[in-house]
Amino acid sequence: HPERISEEAFPRDYPWIVPLWEHRHTSRKAGQRGSGRQREGQVLHRSKRGWVWNQFFVIEEYTGPDPVLVGRLHSDVDAGDGSCRYILSGEGAGTIFVIDDKTGNIHATKTLDREEQAQYTLTAQAVDRDTNKPLEPPSEFIVKVQDINDNPPEFLHGPYYARVPEMSNVGTSVMQVTATDADDPTYGNSARLVYSILQGQPYFSVESQTGIIRTALPNMDREARQEYDVVIQAKDMGGHMGGLSGTTEVKITLTDVNDNPPKFPQSVYAMTVSEDKVPGEEVGRLKAKDPDLAENGLVSYRFVDGDGMTVFEITTDTDTREGVIKLRKPVDYETKKAYTLRVEASNTHVDPRFIAWGPYKDTATVKVTVEDADEPPAFIATSYNFEVEENAPNGTVVGRVHAKDTDGAGNPVRYMIPRYTDVEQFFSVGPEDGIIRTTRPLDRETQPWHNISVSATEIGGHHQDTKVRVNIKVKDVNDNAPEFATHYEVLVCENVSPGKLIGTVSAVDKDEIGHRQYFHFSIAPEAVNNQNFSLKDNRDSTASIYVTRRGFSRMTQDVYFLPIEINDNGVPPMSSTSTLTIRVCSCDSKDTILSCNVEPYILPAGLSTGALIAILACIVILLAIVVLFVALRRQKKEPLIVFEEEDIRENIITYDDEGGGEEDTEAFDIATLQNPDGANGFLPRKDIKPEFQYPMRPGGHLCGIYWCVWKIKTCVMFVVRNQITLGISLFVIL
């Protein structure tokens, strides 16, 4: 380097000029200053320090054969005799940067990359070579790597995908792409990027400074072209020649808008339907095409005109977007052979931005032809209702059904009754004339209605048949006599008063009863002269029973049977005789029935206080009689009961001699006295029971007890029947 220049005078705008710095240390006095640009050989003086430091610069990516000289260190204490040694330490010292310890020259031994490390911090020091003592204190300096344009721009997030609605206006923003440059953005134009479009014109454009992609053509139609491949370039050095560049791809898709109305491919559609089709079956399909997607392409169909709008219906198949024409009502070839329909297809969602491009609908004509089919015979009526009297003789005509061939061929029809509808075969039908007759007398009370079916089959055709329902009502005939509605049993008190109402009876009849018809009641002729009861017909199908005599006796007769004749006043009139049972019962003073049995031995559930006192008195008197009888028997010293096995003979052996003690015992044989027969050699047989020569006396005291008990029983029975006074009288007599 021919001269030394300061840091301020270094030409920063020319990065290809590599400076060589020389730093010297001077031992000038404090306060001396050096300034300006010096001639060669002069020293640059700085205040307050001995080292003159500036930043070192080294160009990156140097590929020359020799190490690059970064700069030179020099101290004023260095006399040039080799006694001063320079030492370098810090980042990259000894590996990247080396120093000549004699001259102080610093070299870079490796290629540097600013993008890896932009600067290095190093420390320099001058020491005595022999003693290794510092000649100057250490000082720190920086080596900056000078940037060059060695990195092209890069799109880190490419390729890109973007969407924009079709028919967008010119200048509509699509998306923004951004490239990055690893070079130093603060130095030169190495990182100053400019964007341009290489592919995609004339449809799209890109802003050179921002990278925003915009539409460049109006009315781009998705239906014509949906996707575009655009290539964007980013170039550094402000886009000038020699700059590096990078590219990326952007795939732009046009999204759909409703800009197309539905359109029928043809104006007239022809369809056919057979007359044997049932409502709900499909007749045919038609489709209006709409190139739009999703909801923009949804189409609905409806009838707007035609003579078959009430016979057919149209719905929309959401999967296929077709209009489905179905049969709403049955069609008849013989009545009408063709129908014409006007169908309209319209979009369900209309974009208001394009409503001026409308209308978003289309119409087409559908002609439906009815085909003839071999149909079964048809009955004139959908159902038949007939009436027949019960008990009518066999073969009575009930009614007639009629069916005809609807195909126009005039084939005859045969009739029959399916057996499952008339299991017991009450009816028959003429196979040719359709007349229904009875096969036996019918009973309305057993089955008032008969529901059968009649089948009609076409002869000469495909043997198709049809059925019709026939309801037959059995009309009522007065063939049942009336009878009691239930089994009646009337209870009457013994002390009933004449003219008292004791019951009401009613009747039922299995036959139908007219609006003003009622049953007539009367006492049967065989009992019309009875003196006990009378009957009153209430003329409302009921009758009242009254008593005509005063008082009844249960002991004399406890049950009466009253025959009653019932007439229904029908045509013909029917009558029957039913028997009313009247039972006599015992009642209290309030006509409350106590018992209706012949002999009421059972104690009533409820007794009056007087009856209870009478019963207790009977029991006390009975006990008193028994105690008195026992006391009298003991006073007479008689046993209460005489046993049959007692030896009577011991009671009749007596003597008046004075006892002699042991002499008497020896003189008399007690066993002989007790058994005199044994003394004569006769021994009685114990296996034969002896007969008594005299009958035993009846136990009179036992008969008295039994008689008392019977009287007490009778008394209790009277008391139970509330005959308290009579019961007490019997006790007094007793």
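Please keep in mind that the model before you is predicted.

Good morning. I shall begin with the aromatic rings. A pair of aromatic rings is described by the distance of the centres and the angle of the planes. In this structure there are 16 aromatic pairs. One of them is formed by Phe 97 and Tyr 120, whose rings are edge-to-face, with 5.3 Å from centre to centre and 70° between the planes. Where do the two partners of this pair lie? Phe 97 belongs to strand β5, residues 97-99, while Tyr 120 belongs to strand β7, residues 119-128; the pair thus links distant parts of the chain, 23 residues apart. Are these two residues buried or exposed? Phe 97 counts as buried because its relative accessibility is 0%. Tyr 120 also counts as buried, because its value is 7%, and the limit for that word is under 20%.

Another edge-to-face pair is made by Phe 264 and Tyr 269, with centres 6.1 Å apart and planes at 70°. Both Phe 264 and Tyr 269 are buried. Ring pairs can also join into groups: Phe 379, Tyr 384, Phe 386 and Tyr 415 are linked in this way into a cluster.

The charged end of Lys 337 sits over the ring of Tyr 333, at 4.7 Å from the ring centre. Likewise, the charged end of Arg 549 sits over the ring of Phe 552, and here the distance to the centre is 4.4 Å.

Let me turn to a sheet. Strands of a sheet pair through backbone hydrogen bonds, either parallel or antiparallel. Which order do the strands follow in the open sheet of 3 strands? The order is β10-β13-β12, and the pairing is antiparallel. At the edges are β10 (173-176) and β12 (204-206), each of which pairs on one side only. From one strand to the next, the twist averages 20°. Strand β12 is joined to strand β13, residues 212-215, by 3 bridges. Within this antiparallel arrangement, Val 206 stands opposite Ile 213 of β13.

In soluble globular proteins, nonpolar side chains tend to be buried together. The largest nonpolar core in this model contains 25 residues, and Phe 521, Leu 580 and Ile 582 have the most contacts inside it. Several strands give two or more residues to this core, among them β33 (489-493), β35 (520-523) and β39 (575-587). Which element provides the largest share? That is β38, with 4 residues. If we set aside residues up to four places away in sequence, Ile 582 touches Val 490, Val 492, Ile 502, Phe 533, Asp 558, Val 559, Tyr 560 and Leu 562. There is also a second, separate core of 24 residues, which includes Val 299, Phe 303, Val 311 and Tyr 339.

Thr 396 is classed as partly exposed because its relative accessible area is 22%. Apart from neighbours within four places in sequence, Thr 396 is in contact with Val 388, Ile 436, Arg 437 and Thr 438. Its C-alpha atom is separated by 9.6 Å from that of Phe 427, a residue 31 places away along the chain. Thank you for your attention.

Key: Residues numbered from 1 in each chain as written. Predicted model: local features only at pLDDT ≥ 70, side-chain atom pairs only at ≥ 80, totals over all residues. Heavy atoms only, no water. Phe/Tyr/Trp six-rings, centres within 6.5 Å; stacked < 30°, edge-to-face > 60°. Buried < 20%, exposed > 50% of the residue type's maximum accessible area, 1.4 Å probe, protein only. Lys NZ or Arg CZ within 6 Å of the ring centre and 35° of its normal. Pairing = 2+ DSSP bridges. Axes fitted to C-alpha atoms, helices over the stretch in contact; angles between N-to-C directions. Core = buried A, V, L, I, M, F, W, Y, C linked by side-chain atoms within 4.5 Å. Contact = heavy atoms within 4.5 Å.
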